[in-house]
Amino acid sequence: MAVAVSLARRGAQVRVLERGLHCGQGASAAAAGMLAEGAEVTEAGPFLELCRASRALWPSWAEELLLTTGVDCELERTGLVRVTSSEEGALRLERQAKWQQSHGFEVSSLWDPSQLAKLVPGLGPSVLAGIHYPNDGHVHSHRVVDALVAACEVHGVAIETETEVTALESRAGRPRLTLAGDRVADGDYLVVCAGSWSGRLLGAAGGAELQVEPVRGQIVAIDPGRPMVPLIVFGDRGYLLQKRSGLVLAGTTEERVGYQPWPTVVGVSGVAAAAAELMPELAGARFADAWAGLRPHATDGRPLLGRLEPGGRVLLATAHYRNGVLLAPITGELIARAVFEGVDPKELAAFSPGRLA
Ligand SMILES: Cc1cc2nc3c(=O)[nH]c(=O)nc-3n(C[C@H](O)[C@H](O)[C@H](O)COP(=O)(O)OP(=O)(O)OC[C@H]3O[C@@H](n4cnc5c(N)ncnc54)[C@H](O)[C@@H]3O)c2cc1C
């Protein structure tokens with residue numbers, strides 16, 4: 001939908017084909033909504049640049065969505081502490097902070113529990129050390145989906161729900177889609193944004209080498225009844241963040257179990273236990289909800305962005321894995337440029353689907 005809005009704002013006529021009853025039934029509305037470049041990226045290169053560029057876009061992107069649609073993405077620049085409960089983890093975080101400081105990240109040096117307690121009261125006794133990223137933050141992923149649906153309406157994007165694409169012809173000329181119910185659709189360009197299901201669609205078009213595997217993540221929502229997680233707390237076994245509504249989201253699992261987008265007994269209890277270890281007071285707090293989503297993961301873990309083939313009219317905007325919310329603004333922007341400029345922008349070179357062919 002970020003791609004659709006960026007294209008429509010530039011004057012394109014766009015149709016979003018969504019097989020669900022409404023948009024946001026995939027990973028996007030399941031996400032914790034962290035914009036956590038600091039915790040997620042620990043090596044230099046194009047992925048770091050992409051994350052950094054997207055996070056820089058987020059404030060104006062959210063502001064524009066609010067102005068255009070009235071929907072607030074609830075962007076909060078809370079900061080994030082990456083904490084650990086082991087000596088080995090503390091050494092690793094110390095190395096990470098040093099490396100990141102030398103690569104332009106705003107990150108503190110290693111803090112001890114008393115320094116951490118000033119920022120986050122209530123951390124568990126197992127927490128030994130941590131590093132602080134003041135610029136990381138989060139958005140409310142449901143609100144982001146709502147805002148994008150509304151922005152699509154404002155910009156004249158046709159969202160066609162209960163419309164499943166069953167096959168695509170991608171090799172030459174104008175892209176042509178087969179839809180469930182013996183219907184077809186075509187257009188000057190096709191952008192495949194089918195999340196964890198993108199590989200299946202591409203496989204049907206002969207692009208079997210571009211696998212996109214689902215990696216399940218489970219979230220537990222807890223209602224502690226008071227503000228208690230002032231910033232994102234990212235531990236060895238899970239993370240915590242508190243939304244404006246007061247709900248604390250605890251995440252998550254990384255499970256390769258195929259297409260099973262539901263929370264499980266073992267998953268939920270493991271996430272809840274990790275949450276209570278990070279902040280013991282949560283152990284007695286009210287359980288509110290649990291859900292799961294499937295993160296789209298390419299074989300090398302990096303997004304697939306840009307033309308399927310040089311000069312072609314089929315583009316990919318998928319496989320964002322753990323960072324699709326963070327990367328939404330830049331994805332919309334770069335894919336829209338790729339369509340309008342006729343070639344993929346250089347920022348997309350490292351993410352070209354061709355690298356895995
Ligand atoms: C538990 C969890 C926590 C996460 N936390 C974060 C986070 O904190 N920060 C962050 O940046 N990212 C996070 N992510 C990752 C992020 O959610 C994903 O990278 C992102 O949402 C992927 O978006 P997408 O639009 O590509 O896929 P999806 O949101 O899965 O959307 C794909 C859509 O395609 C539709 N579709 C599929 N096949 C077809 C077809 N054949 N025809 C028509 N429609 C089809 C589906 O119905 C679905 O609506 C998290 C993910 C999970 C699961």
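Hi everyone, let's start with a pair of helices: α1 passes α6 in a left-handed crossing, where left-handed means that the near helix is turned anticlockwise from the far one by less than a right angle, and clockwise would be right-handed. The contact is made by Ala2, Ala4 and Val5 on the α1 side, and by Leu148, Ala151 and Cys152 on the α6 side. Two residues count as in contact if their C-beta atoms, placed from the backbone, lie within 7 Å. By class, this contact has 6 nonpolar residues, no polar and no charged. Here Ala, Val, Leu, Ile, Met, Phe, Trp, Tyr, Cys and Pro count as nonpolar, Asp, Glu, Lys and Arg as charged, and the others, Gly among them, as polar.

Before I go on, a word on what you are looking at. This is a predicted model, in which local features need pLDDT of at least 70, side-chain atom pairs count only at pLDDT 80 or more, and totals for chains, interfaces and linings use all residues. Residues are numbered from 1 along each chain as its sequence is written. Helices (H or I, at least four residues) and strands (E, at least two) are DSSP runs, numbered from the N terminus.

Back to our helices. Helix α1, residues 2-9, packs on α6 at an angle of about 25°, with the axes 9 Å apart. Axes are lines fitted to C-alpha atoms, for helices over the stretch in contact, and angles run from 0 to 180 degrees between N-to-C directions. α1 and α6 are therefore roughly parallel to each other; the cut-offs are under 35 degrees for roughly parallel, over 145 for roughly antiparallel, 65 to 115 for roughly perpendicular, and oblique for the rest.

Helix α6, residues 141-154, also packs with helix α3, residues 46-69, at an angle of about 60° and with axes 9 Å apart. That makes α3 oblique to α6. This crossing is left-handed too. From α3 come Leu65, Thr68 and Thr69, and from α6 come Ala147, Ala150, Ala151 and Val154. Those residues divide into 5 nonpolar, 2 polar and no charged.

Now the ligand. Which residues come nearest to it? Of the 36 residues around the ligand, those are Gly26, Gly195, Gly217, Gly293 and Gly324; being near means a C-beta atom, placed from the backbone, within 6 Å. Strands β11 (212-223) and β15 (286-298) are the elements that give two or more residues to this shell, and β15 gives the most, with 3. The shell divides into 16 nonpolar, 15 polar and 5 charged residues.

β11 and β15 also run antiparallel, joined by 12 bridges; strands pair if DSSP finds at least two bridges between them. In β15, Asp289 is the bridge partner of Ala221. β11 is joined to β14 by 4 bridges, again antiparallel, and Val220 stands opposite Ala250 in β14.

There is also an open sheet of 3 strands with mixed pairing, in the order β10-β17-β16. β10 (190-192) and β16 (304-307) each have a single partner strand, so one side of each is left without a neighbour in the sheet. β10 runs parallel to β17 (residues 314-318), with 3 bridges between them, and Val191 stands opposite Leu315.

Two backbone details to finish. A cis peptide bond, with omega about -10°, joins Gly251 and Thr252, and Thr252 lies in the loop between β14 (248-251) and α8 (265-278). Asp182 has a positive phi of about 60° although it is not a glycine, and sits in the loop between β8 (176-179) and β9 (183-186). Thanks, everyone!
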